[in-house]
Amino acid sequence: MTDVDVPVLIVGGGGAGLTASMLLSTLGVESLLVSASPGTSILPKAHLLNQRTMETLRELGLDETIYASGCPPRHMTHSGWYAGFAGDHPDAGRRIAELESWGAAGSTPEWAAASPQRPTNLPQIRLEPHLRRRAEELAGPDRVRFHHELREFTQDADGVSATVLDKDTGQEYRVRARYLLGCDGGRTVGRILGIRAEGMRDVARMVSLHITADLSAWAKDPHVLIRWLWLPEAGVMGTLVPMGPERWGPESEEWVFHLNYGADDARALDDESVVADMRTALGIGDHPVRIHIISRWSLEGIVAERFRDGRVFLLGDAAHRHPPTGGLGLNSAVQDAHNLAWKLAAVITGQAGEALLDTYETERRPVTSTNVQRALDNALNHLATNNLISGSGSGWAHMGRLWSGEPRDAEFARAVRRAIAGQSMEFNEQNIECGFIYDSAAVVPDGSPAPDNPDPIRIHHPTARPGHPLPHAWLEDWHGTRLPVMDLVGPGRWLLVAGEDGQAWIGAAAQAAAALGVPLDAVRIGHLDGDYRDPRSTWTRLRGHGADGAVLIRPDRVVAWRSPGTADDPYAALKPALHHLLAR
Ligand SMILES: Cc1cc2nc3c(=O)[nH]c(=O)nc-3n(C[C@H](O)[C@H](O)[C@H](O)COP(=O)(O)OP(=O)(O)OC[C@H]3O[C@@H](n4cnc5c(N)ncnc54)[C@H](O)[C@@H]3O)c2cc1C
């Protein structure tokens with residue numbers, strides 16, 4: 001293998017690395033991705049893709065493909081809690097409670113208002129091949145190399161020198177890059193740099209079985225995606241998730257079953273015992289089941305002490321590892337890449353100063369630390385609910401207290417249902433998914449306070465306040481074509497959006513773009529005047545400025561700056577803001 005000189009070396013071909021590769025390609029930045037495994041993930045792992053991630057996939061031209069492969073909305077509007085699954089007992093599989101989840105697959109008014117994209121569900125094992133194909137298409141020949149492993153690297157003032165092993169030929173080669181992105185799930189890059197991770201480890205030991213089985217006779221409730229099963233005979237909790245691939249809901253051909261074991265339970269290490277436990281737990285006797293893979297993992301919630309070391313950045317699981325509860329791991333990985341890619345492109349092409357790259361950690365570390373804590377709290381609440389049920393008894397008679405209607409059982413039944421209702425912090429965490437706020441040198445505050453929020457987990461207030469993600473509004477062009485405001489932000493381009501009377505800002509934007517050599521588009525949105533119509537007044541409600549004001553949007557669709565009205569000299573107001581935002 002010949003040595004390679006490339007602006008960006010990406011280490012790891014999971015969600016973080018493949019997204020970084022695709023985004024850098026669309027921004028015109030050459031990269032080389034190396035990934036140690038022979039191919040994409042062989043484990044189902046992550047499956048929920050939230051609205052912000054689907055916006056990134058829309059930008060990459062992948063959203064329709066992912067929706068077509070993923071779970072149809074009608075099979076993912078709820079999560080359900082059940083007493084067992086199958087078996088002889090008359091209460092086996094009885095539903096204890098259900099929770100509307102992910103805004104009923106994005107259809108509730110709040111979720112539909114937050115984004116043009118609905119959330120979906122597609123296991124990582126099926127998602128990553130789509131990401132890989134697109135990354136290969138965009139990056140060009142031989143720029144996405146699986147079965148190539150980073151062995152070591154050093155950095156100096158100008159770049160990074162890395163040694164990569166081609167595991168097919170056994171030959172090593174050198175890569176020289178200006179920047180290295182550690183997207184390796186935390187296996188190599190952080191360790192070489194001596195970056196420690198802080199948080200909780202080994203919260204619980206989990207075993208996951210990926211199986212093919214016809215469970216349609218027992219899987220009730222076609223609208224339920226994730227089934228939390230209390231298994232009265234075993235006194236434990238299991239989780240059952242359909243995997244498609246062709247049919248979803250109760251007819252799904254494949255499933256994942258997660259079992260929770262105690263830290264010292266030797267049964268967890270033995271495949272035969274695990275399969276036997278799964279059969280007993282589900283109550284399916286010798287019903288035909290084909291096992292694809294059994295994986296063992298531990299629940300942890302940790303964050304790297306820093307996300308940047310010189311010319312090296314940590315993204316995804318390399319920077320933060322979450323319990324899966326809440327589906328924040330892969331989604332955060334995609335958003336890390338989305339935050340960093342345009343900044344790297346701006347620095348590499350000379351539009352921005354090197355200090356812009358510092359804002360990656362300033363912006364992403366607080367947000368992902370919150371995500372890790374949320375995922376931990378979600379997991380701990382499941383365990384607490386489990387303790388509430390199994391801590392006070394076991395077996396079907398104990399379970400029957402949930403629906404006996406007897407006054408002596410009322411308090412127990414209410415406590416269990418209350419604990420399940422509390423899990424809405426996992427299944428309706430809309431503000432965690434969509435409402436993250438950035439506070440860094442890549443945002444110019446306008447002095448307005450953050451919206452009052454009585455529930456910063458569940459309640460999302462879309463707003464065009466600087467630091468917030470671009471709020472969603474459906475617009476129309478003058479031919480009547482409908483489009484979301486996000487589509488006005490082109491790859492690597494800034495967008496100034498002025499009100500209907502904000503013509504002066506449009507001229508100022510053209511002047512500032514020319515003076516600074518920055519790709520900056522400018523449009524007016526209004527009712528009767530402007531480049532785009534605001535037919536439902538959504539944008540007018542959200543923009544937080546007058547008809548002669550403006551907002552400036554970053555290439556990653558984060559609001560960077562806002563002016564409530566016109567200025568004496570709009571160019572003199574806009575140019576220094578851009579100058580500051582680009583660390584010039
Ligand atoms: C059971 C389970 C369910 C989950 N559910 C969800 C969910 O619903 N939603 C969600 O968002 N998250 C979920 N997660 C978390 C999610 O799977 C991870 O957060 C996600 O995979 C992180 O992506 P990544 O690209 O950072 O790392 P990874 O997917 O771990 O990819 C790392 C890559 O780096 C490569 N690599 C490692 N070392 C080297 C090296 N030295 N050289 C080259 N390559 C290297 C590896 O081969 C691998 O390809 C779940 C996890 C589990 C275990």
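What follows is a short chat about a predicted model and its ligand.

Colleague: What kind of model is this, and which pLDDT limits apply?
Modeller: It is predicted: local features need pLDDT of at least 70, side-chain atom pairs count only at pLDDT 80 or more, and totals for chains, interfaces and linings use all residues. Residues are numbered from 1 along each chain as its sequence is written, and side-chain values use heavy atoms, with hydrogens and water left out.

Colleague: Start with the ligand. Which residues come nearest?
Modeller: There are 33 residues around the ligand, and A36, Q124, T188, D317 and L330 come nearest. A residue belongs there if one of its heavy atoms lies within 4 Å of the molecule.

Colleague: How do those divide into nonpolar, polar and charged?
Modeller: The shell has twelve nonpolar, 16 polar and five charged residues. Ala, Val, Leu, Ile, Met, Phe, Trp, Tyr, Cys and Pro count as nonpolar; Asp, Glu, Lys and Arg count as charged; the others, Gly among them, count as polar.

Colleague: Which helices and strands each supply at least two residues of that shell?
Modeller: Helix 1 (15-26), strand 2 (31-35), strand 8 (148-155) and helix 9 (329-348). Helices (H or I, at least four residues) and strands (E, at least two) are DSSP runs, numbered from the N terminus.

Colleague: What lies close to the oxygen atoms of the ligand?
Modeller: An N or O atom in the side chain of D317 is 2.7 Å from a ligand oxygen. A polar backbone atom of A16 is 2.9 Å from a ligand oxygen. For a polar backbone atom of G327, the distance to a ligand oxygen is also 2.9 Å.

Colleague: How much of the ligand does the protein bury?
Modeller: Taken alone, the ligand exposes 1000 Å², and the protein buries 91% of that. Accessible areas come from the Shrake-Rupley method with a 1.4 Å probe; for residues, only the protein chains shown count as cover.

Colleague: New topic. How many residues are in the largest nonpolar core?
Modeller: That core has 94 residues, and L9, L181, W494, L496 and W561 have the most contacts inside it. Its largest share, twelve residues, comes from helix 9. A nonpolar core is a set of buried Ala, Val, Leu, Ile, Met, Phe, Trp, Tyr and Cys residues joined through side-chain atoms within 4.5 Å.

Colleague: Which domains does it draw on?
Modeller: At least three residues come from each of domain 1 (4-72 + 117-197 + 303-373) and domain 3 (440-581). The domain bounds come from an automatic or database domain assignment.

Colleague: Where is H472, and is it buried or exposed?
Modeller: H472 is in the loop between helix 14 (430-434) and strand 19 (474-476). H472 counts as buried because its relative accessibility is 6%. Buried means under 20% relative accessible area, exposed over 50%, and partly exposed in between (1.4 Å probe, protein chains only).

Terms used
Polar contact = N/O pair within 3.5 Å; in protein donor to acceptor, adjacent residues only side chain to side chain.
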